[in-house]
Amino acid sequence: MGFFNSIFGPRNNRSAQVAKERLATVLVDDRYKLTPEMKEQMKLDIAEVLARYLPSIDPDQIEVTLLRGESNDHLKADIPLRRGGSES
Amino acid sequence: MARIITITSGKGGVGKTTTTANLGTALAMQGAKVAVIDADIGLRNLDVVMGLENRIVYDLVDVVEGRARLRQALIKDKRLPELCLLPAAQTRDKDAVSSNQMIDLTNQLRSEFDYVLIDSPAGIEGGFRNAIAGADEVLIVTTPEVSAVRDADRIVGLVEAAEKGPPSLIVNRIKPRLVNRGEMLSVEDVIELLAINLVGIVPDDESIVTSTNRGEAVVYDQTSLAGKAFLNVARRIAGEDVPFMALSDQQGVLERLLGLFGRRRA
C-alpha cells in the first residue's frame, strides 16, 4: 500500500463500504422475503419468457438484484445477450 | 398527558437499557416528570443501571396481577424526585404480561407524567410486542455493525406494521477514528440503509462503563461525550432543534499523517 493510498485509500474496498453493500442487499431481500432459491427460480422464469423473443439468453448469466431506492425499491435484472444470437 | 416512547433494537446488547436510563434522567433534569418502565420481564436490568436495585419492593407483574398498586411499585430516583422506575419482574417470564395489560398500564401513567419511557427486551417476539403495544412513538437503537443494522431494519418493518408511525433512530457506539478510516459504517451509511429519522448520535465512550458500574447515569458526567450526546437526544425529543455533535476525528487524521511520516523515517 503506497503513501497516497494509505491516506486517501481506495474507499470502495474498505470494510465499511463492503458492509454497506452487503447490508443494502440483505435488507431488501429480508423485506421482500426473497430467498436465494427464489432468485434462482426467478432467473429461470425470466429467461423462459424472454426466450420467446430473444433466443440468445443464457439463464446462468442473468443477475437479479433488489435495490433500495429513495421512495421505491427496485428489482434490477441484468440480462446479457450472447453475441451473434440475433442471427440464430 | 405523557408521551409514551418505547426504546427497542431487535439485537441485544446495543445499548437500549443505557439509552432508556440516560434519556429518562436527562428529561427529568430538564424538569419533566418521567417514568421509565423495564419491560424485559425475567431479565431485569434497568434497576441496576440506574442504581435502584436495592429499593425494589414490587414490580410490573405485581401491578398487573393486582398484588400492588402502581403507585406502590414506582421507585423514586436517588437524585431526581420527578423520575420514577417501574422495575420488571425477575422471577417470571415474558408471558406473565399481555399486550392489553401493557396498554392499560401505560394509560394509567399517562395522566401523571410528561414522559413514559419503556425499555424493550431484545428480539421480535411477545416481549417486544408488549413493549410497543402502548407506545405512541418508537425509538430504535442500533450500533454501526451489520448484525445490529439488519435487526434494526426488521424492527422498522414491524413498527410500521403495528401502525406506530415512523420510528426514529439513535446510532450508538460510533468510533469516529474507525469511521474516518473507512472501517466502520458511518451514521450517514446507517441512515441511508434504514431510511428513518435520526434523533441521536452517541460516540463509543468508556465513561459509560464506569458510570454503569456505579449505577449512575452518564448524563451527570460533564466530561463525557456520550453523556453530552444523550442530553442532546433528550432535548431533541423535547422538541428543541439541537445540532448533531461533530464527530469528525481531526486528531485521528493528524495522528495518521504523523504516523506515516514516522514510519517513512524509520
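At what angle do helix α5 (residues 99-110) of chain B and helix α6 (residues 126-133) of chain B pack, and how far apart are their axes? I shall come to the answer after a word on the basis of the values.

This is a predicted model, in which local features need pLDDT of at least 70 and side-chain atom pairs count only at pLDDT 80 or more, while totals for chains, interfaces and linings use all residues. Residues are numbered from 1 along each chain as its sequence is written, chains are lettered from A and ligands numbered from 1 in the order in which they are written, and side-chain values use heavy atoms, with hydrogens and water left out.

Now to the opening question. The angle between α5 and α6 of chain B is about 30 degrees, and 8 Å separates their axes. Helices (H or I, at least four residues) and strands (E, at least two) are DSSP runs, numbered from the N terminus. The axes are lines fitted to C-alpha atoms, for helices over the stretch in contact, and angles run from 0 to 180 degrees between N-to-C directions. The two helices are therefore roughly parallel to each other; that term covers angles under 35 degrees, with over 145 counting as roughly antiparallel, 65 to 115 as roughly perpendicular and the rest as oblique. Their crossing is right-handed, meaning that the near helix is turned clockwise from the far one by less than a right angle.

Which residues make this contact? From α5(B) come B:Ser99, B:Met102 and B:Ile103, and from α6(B) come B:Arg129, B:Asn130 and B:Ala133. Contact here means heavy atoms within 4.5 Å. By class, the contact has three nonpolar residues, two polar and one charged. In this scheme Ala, Val, Leu, Ile, Met, Phe, Trp, Tyr, Cys and Pro are nonpolar, Asp, Glu, Lys and Arg are charged, and the others, Gly among them, are polar.

I turn next to a helix pair that involves both chains. The axes of α2(A) and α9(B) come within 10 Å and cross at roughly 15 degrees, and these helices are therefore roughly parallel to each other. The crossing of α2(A) and α9(B) is right-handed. On the side of α2(A), the contact uses A:Lys20, A:Leu23, A:Ala24 and A:Leu27, which meet B:Asp189, B:Glu192, B:Leu193 and B:Leu194 in α9(B). These residues divide into five nonpolar, no polar and three charged.

Charged residues of that contact also form salt bridges. A salt bridge is a side-chain nitrogen of Lys or Arg within 4 Å of a carboxyl oxygen of Asp or Glu. B:Asp189 pairs with A:Lys20 at 3.3 Å, N to O, and this pair crosses between chains, from helix α9 (residues 187-194) of chain B to helix α2 (residues 15-31) of chain A. A:Lys20 also pairs with B:Glu192, at 2.9 Å, N to O, and that pair likewise runs from helix α2 of chain A to helix α9 of chain B.

B:Asp189 is buried at 14%, as is A:Lys20 at 16%, whereas B:Glu192 is exposed at 52%.

Within chain A, the side chains of A:Asp29 and A:Lys39 form a salt bridge at 3.2 Å, N to O. A:Asp29 lies in helix α2 and A:Lys39 in helix α3 (residues 36-50), so the pair ties together parts that are 10 residues apart in sequence. A:Asp29 is buried at 13% relative accessibility, and A:Lys39 is buried at 14%. In chain B, salt bridges with shared partners join B:Asp62, B:Glu65, B:Arg67 and B:Arg92 into one network. Over all chains, the count is 15 salt bridges.

B:Val202 lies in strand β8 (residues 197-203) and is buried at 1% relative accessibility. Leaving aside residues up to four places away in sequence, B:Val202 touches B:Ile170, B:Val171, B:Asn172, B:Arg173, B:Ile174, B:Ala226, B:Ala229 and B:Phe230. B:Val202 and B:Thr19 are 183 residues apart in sequence and 9.6 Å apart in space, C-alpha to C-alpha.

Finally, chain A as a whole. Chain A has three helices and two strands, in the order α-α-α-β-β along the sequence. Of its 88 residues, 25% count as buried. Among contacts in chain A with a separation of 6 or more, 39% are between residues 24 or more positions apart.

Conventions. Buried means under 20% relative accessible area, exposed over 50%, partly exposed in between (1.4 Å probe, protein chains only).
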